Amino acid sequence: MSKKDERDMSRVEAVLELLRKQTPLTVKQEKFCNYACVERFLKAKGDNVKRAAKQLRACLSWRESIGADYLVADEFSGELADGLAYVAGHDDEYRPVMILRMKQEYQKFHSQKMFTRLLVFTMEVAVSTMPIYVQQFVLLFDASFYRSVSAFTNLLVGALKIMGEYYPGRLHKAFIIDPPSLFPYFWKGVGAFVELSAVTKVVSSLDFDGEDESSGDLTGGRSCSSSRFAFTVSHHVDSLKPWYLSLSETSVASRTPVQQRTPRPSFLQSPAGMVFRRGGRVCRESFSPLWKLYRRPYDEMVYRSKMWGPVGGHFRGRHVSLSQRF
C-alpha cells in the first residue's frame, strides 16, 4: 500500500470515528458509509475530515427523514406507469442513465417531498445497477413539457442540490433537453450558485433528429408498454418525439394511437439560443452516444426488472393516494 493510499485510509477512518462518537451508527448506516462513500464525501470537501463528517452526518439524518432505505416501487406506481422517472440503461462507460420526463402539471398535484422521494428512489435504482467499478450516473432531463421557466428552474435546482449535497461525486453529467425559451437567462444567473452547474449541459433534440436514419431502427419495430400506456414507434409522424401514446385497455397488439404531441420549436434555434450555443454549453460529442437511450420507448416491465428484491414491487401495483404517500 502506497503512502497516498495510507493517508486516504486514515482519513476515511477518521471520518467514521467522528461519526461514531456523535451517535452510534445503525446497521443500514454502517452499510451506507463504506470506504467509497466516505471517500466521495472527503473529495467533495477537499479532504477536510471534520467537514466531510459533518456533511455525511447531515446526509444520514436526511436519508432517515425521508425513509430512503424503505422506498419501494409500488409507492410510485402512477409515476412508473407514466414513465416520469426511470433508469433507461447504461452509457458506453457502463454508467446508469436516468431519464426524467416530468410534466409541469405534476407539481400542481404533488408536493416537493413527493418529488424528492421519487428522485431519490430513481437514484437508488441507478446506484444499485452500477457495476462494482462504476460510481457515477448520467441524468437526462426532458424539459420539453414545461412552459414556465421559473417552475422548471426551481425543480432543476432542487434536484441538483440534492445530488450535490447528499450524493456527492455521483453525477457525471446532466443534460437538459429542450428547456423553455428563457431558461438561458435564468440559468446564467442561477447557475453560478449551483454546485453541479459545471457538469450541466443544455442540448436541443433538433440537432440529433437525423441520427436515427444513420444508426438504424431504435426498437426493431417493437411496441413497449407500461401498466397504463403503450409506446409505439412511428417513422413518419412527429420525427422529434416519434412515439404514440395509447390507452392499455386491451392487448398490446390491439392498441390504437389516440394521442400525439407536437414538440415546441427548440429555444436553441432562436437568437437567444444561438448566443447560448456559442457559449459552449452544448456538448454534442458527449450527448450523441446517449441519444438512443433518450429516444428508446419506455417499458415499465423492463425498468422494474432492474430493481432488486422487494423494491421492484408488482408490475400492476395498486395506485396509492396522496394521503397514503407521506
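Author: Let's start with who is tucked away. In α7, the buried residues are Met114, Phe115, Thr116, Arg117, Leu118, Leu119, Val120, Phe121, Thr122, Met123, Val125 and Ala126; buried means under 20% relative accessible area, exposed means over 50%, and partly exposed is in between (1.4 Å probe, protein chains only). That makes 12 of the 17 residues of α7 buried, so this helix is largely enclosed by the rest of the structure.

A word on the ground rules. This is a predicted model, where local features need pLDDT of at least 70, side-chain atom pairs count only at pLDDT 80 or more, and totals for chains, interfaces and linings use all residues. Residues are numbered from 1 along each chain as its sequence is written, and side-chain values use heavy atoms, with hydrogens and water left out. Helices (H or I, at least four residues) and strands (E, at least two) are DSSP runs, numbered from the N terminus.

Now for length. At 1.5 Å a residue, the 17 residues of α7 should span 24 Å, and its end C-alpha atoms are 24 Å apart, which agrees; the expected span is 1.5 Å times one less than the number of residues.

Next, the partner. The axes of α7 (residues 112–128) and α8 (residues 149–166) come within 11 Å and cross at roughly 50°. Axes here are lines fitted to C-alpha atoms, for helices over the stretch in contact, with angles from 0 to 180 degrees between N-to-C directions. The two helices are therefore oblique to each other: under 35 degrees counts as roughly parallel, over 145 as roughly antiparallel, 65 to 115 as roughly perpendicular, and the rest as oblique.

So who meets whom? On the α7 side, Phe115, Thr116, Leu119 and Met123 meet Leu155, Ala159, Ile162 and Met163 of α8, where contact means heavy atoms within 4.5 Å. By class, this contact has 7 nonpolar, 1 polar and no charged residues. Ala, Val, Leu, Ile, Met, Phe, Trp, Tyr, Cys and Pro count as nonpolar, Asp, Glu, Lys and Arg as charged, and the others, Gly among them, as polar.

Helix α4 joins in too: its buried residues pack against α1 (3–22), α2 (27–32), α3 (35–44), α7 and α8. Among those buried residues of α4 are Leu56, Leu60 and Trp62.

Zooming out, the protein has 15 helices and 8 strands, and 48% of its 326 residues count as buried.
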